[in-house]
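Me: I am new to this structure and would like to go through it step by step. Could we begin once it is on the screen?
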Amino acid sequence: LLSEHVEKGLVTSETPLVIEVEFCTHGYDCVSRGDQTTSKYYTHYIKVCDVLEKHLFPAWNVCFVIKRGRPRQGSFEVELLWVVGSLEYSVTLASKVCNAKFPNAENTA
């Protein structure tokens with residue numbers, strides 16, 4: 001759907017694209033019981049963001065966000081969101097919940 005919007009000129013390099021990542025933590029909104037930066041979920045988040053950034057910057061207007069709220073246990077989900085007119089669109093780039101394994105960072109891009 002995104003490629004169709006790009007072809008029609010509805011999405012351009014100026015259109016804000018949001019990469020939203022949900023990943024398992026021990027608490028809410030990335031507040032863990034220990035050092036969050038040492039968790040395998042957090043380090044995988046950084047790896048995926050680095051790979052996507054290399055593929056998308058500076059050609060696209062992209063920002064990365066951690067999904068708010070309580071993450072699902074064992075989750076590592078990556079979604080791309082964009083708006084055309086007043087409609088919000090999204091596509092799942094990777095899902096650990098569906099595939100039962102961490103997504104390959106290169107394949108996510």
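Reply: This is a predicted model.

Me: Where is Ser75 placed?
Reply: Ser75 sits in the loop between β2 and β3.

Me: Which residues is Ser75 in contact with, leaving aside neighbours within four places in sequence?
Reply: With those neighbours left aside, Ser75 contacts Glu22, Phe23, Cys24, Tyr41, Lys96 and Val97.

Me: Changing topic, which residues of the largest nonpolar core touch the most other members?
Reply: They are Ile19, Val21, Phe76 and Val78, in a core of 21 residues. At least two residues of this core come from each of β1 (16–23), α2 (40–56) and β3 (76–84). The largest share, seven residues, is supplied by α2.

Me: What does Val78 touch, not counting residues up to four places away in sequence?
Reply: Among the residues Val78 touches are Ile19, Val21, Val48, Leu52, Val91 and Leu93.

Me: Now the backbone. Where is there a cis peptide bond?
Reply: A cis peptide bond joins Phe57 and Pro58, with omega about -5°. Pro58 belongs to the loop between α2 and β2 (61–66). For context, most peptide bonds are trans, and most residues other than glycine have a negative phi.

Me: What is phi of Ala100?
Reply: Phi of Ala100 is positive, near 60°. Ala100 is in the loop between α3 (96–99) and α4 (105–108).

Me: Is Ala100 buried or exposed?
Reply: Ala100 has 68% relative accessibility, so Ala100 counts as exposed.

Technical notes: Residues are numbered from 1 along each chain as its sequence is written. This is a predicted model: local features need pLDDT of at least 70, side-chain atom pairs count only at pLDDT 80 or more; totals for chains, interfaces and linings use all residues. Side-chain values use heavy atoms; hydrogens and water are left out. A nonpolar core is a set of buried Ala, Val, Leu, Ile, Met, Phe, Trp, Tyr and Cys residues joined through side-chain atoms within 4.5 Å. Buried means under 20% relative accessible area, exposed over 50%, partly exposed in between (1.4 Å probe, protein chains only). Helices (H or I, at least four residues) and strands (E, at least two) are DSSP runs, numbered from the N terminus. Contact means heavy atoms within 4.5 Å.
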